[in-house]
Amino acid sequence: SCCSCCSFACTWSHMVLLKSALFAGLGLASWIAINGIFSEVSVIVDQIPEGWAIGSDLSIAIQAANAIPLVYYLVQRKTNDALSLQWVIIAFLILGALSLAGLAHTWDFTVKRNSHHGSDNRFSLYLMLFTFSSAISDAMSSVTFFPFVASFRDHNYIPALMVGESLTGFVASAVSWIQTGGIGGSHEYFSPLVYFYTLGALMFISTICFLWLLYIKRMQTARNFFSRASLNMSSPTTDNIVAQKPDTIEFGSSEVPSCDEHTSNRRRRLKTLSSDVSDEEEEEE
């Protein structure tokens with residue numbers, strides 16, 4: 001009926017809207033870690049030994065992490081896509097959240113290294129390591145999120161995912177802007193510890209969005225399976241039709257003989273006709 005069709009359309013549109021929002025939330029995990037780290041450089045630059053030179057060091061760590069998607073692609077080809085996409089996504093989302101939590105506690109930890117002149121200086125080892133692991137999580141999003149989006153056939157959710165990805169820089173900059181009190185602000189309203197934990201919480205929210213999408217997908221798959229199963233059970237098969245073949249086929253109040261009965265009647269008439277012809281020939285003789 002018209003009411004049922006309208007109800008179905010509303011339910012479908014609400015589901016599409018929900019999944020679009022969840023994909024946008026998932027897209028936030030794409031590059032929020034790297035954008036967030038670079039947005040925080042201006043805050044931590046005076047408290048690390050490298051100073052503004054930390055930017056080039058972080059760029060090296062990020063570029064090194066960009067080789068991981070290539071390794072993932074080669075492993076997938078070698079193992080014939082044996083790695084489960086959903087577990088890969090979950091693993092790298094958790095890696096990104098843990099990396100930001102590690103940065104929150106160790107960004108200012110330094111270690112000694114010997115220079116060529118024999119003097120000792122220090123460098124931010126843990127900042128480099130956790131930036132590298134965060135970059136791995138962000139780089140892997142480019143090769144895992146889109147195949148996951150493609151598995152949803154009811155609607156095109158790629159624009160929603162891209163909206164989330166485009167917001168990563170804005171969200172990271174907004175959190176940094178609030179931290180420093182806006183344009184020209186010199187006072188820090190919260191520490192880098194809170195800042196990195198805030199980004200880690202956003203990464204955790206993206207993980208929840210992914211798990212929610214995974215749940216919706218499995219529920220829809222199960223619903224479609226049971227719908228097809230009930231449809232097959234209600235539809236008669238060829239074997240059932242043959243086994244339950246009636247002797248007559250009814251049309252309204254009249255009955256029409258089936259094919260087998262019609263054939264037997266025809267044979268009976270032919271036999272009777274042939275016997276009559278034989279009797280006439282005998283009488284003529």
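User: Is Ser-99 buried or exposed?

Analyst: This is a predicted model. Buried means under 20% relative accessible area. Ser-99 has a relative accessible area of 2%, so Ser-99 is buried.

User: Where is the place of Ser-99?

Analyst: Ser-99 sits in helix α5, which covers residues 85–106.

User: Which residues does Ser-99 touch, leaving out those up to four places away in sequence?

Analyst: Contact means heavy atoms within 4.5 Å. With those sequence neighbours left out, Ser-99 touches Phe-130, Ser-133 and Ser-134.

User: With which side chain does the side chain of Ser-99 make a polar contact?

Analyst: A polar contact is a pair of N or O atoms within 3.5 Å. Here the partner is the side chain of Ser-133, at 2.6 Å.

User: Now the cavities. How many of 30 Å³ or more does the structure hold?

Analyst: A cavity is a space where a probe fits but cannot get out. The structure holds one cavity of 30 Å³ or more. The volume of the largest cavity is about 50 Å³.

User: Which residues line the largest cavity?

Analyst: The lining is made up of Ala-29, Val-88, Ile-89, Phe-92, Leu-93, Ser-137, Met-140, Ser-141, Thr-144 and Phe-145. The most comes from α6, with five residues.

User: How do the residues of that lining divide into nonpolar, polar and charged?

Analyst: Seven are nonpolar and three are polar. No charged residue is part of the lining of the largest cavity.

Note on methods:
Residues are numbered from 1 along each chain as its sequence is written. This is a predicted model: local features need pLDDT of at least 70, side-chain atom pairs count only at pLDDT 80 or more; totals for chains, interfaces and linings use all residues. Side-chain values use heavy atoms; hydrogens and water are left out. Helices (H or I, at least four residues) and strands (E, at least two) are DSSP runs, numbered from the N terminus. Buried means under 20% relative accessible area, exposed over 50%, partly exposed in between (1.4 Å probe, protein chains only). A polar contact is a pair of N or O atoms within 3.5 Å; within protein, one must be able to donate a hydrogen and the other to accept it, and residues adjacent in sequence count only if both atoms are side-chain atoms. On a 1 Å grid over the protein atoms alone, a cavity is a set of points where a 1.4 Å probe fits but cannot get out, and a pocket is an open set with protein on both sides within 12 Å along at least five of seven lines; lining residues have an atom within 4 Å of a point. Grid points are joined across faces, edges and corners, and a volume is the space filled by probe spheres set on the points. Ala, Val, Leu, Ile, Met, Phe, Trp, Tyr, Cys and Pro count as nonpolar, Asp, Glu, Lys and Arg as charged, and the others, Gly among them, as polar.
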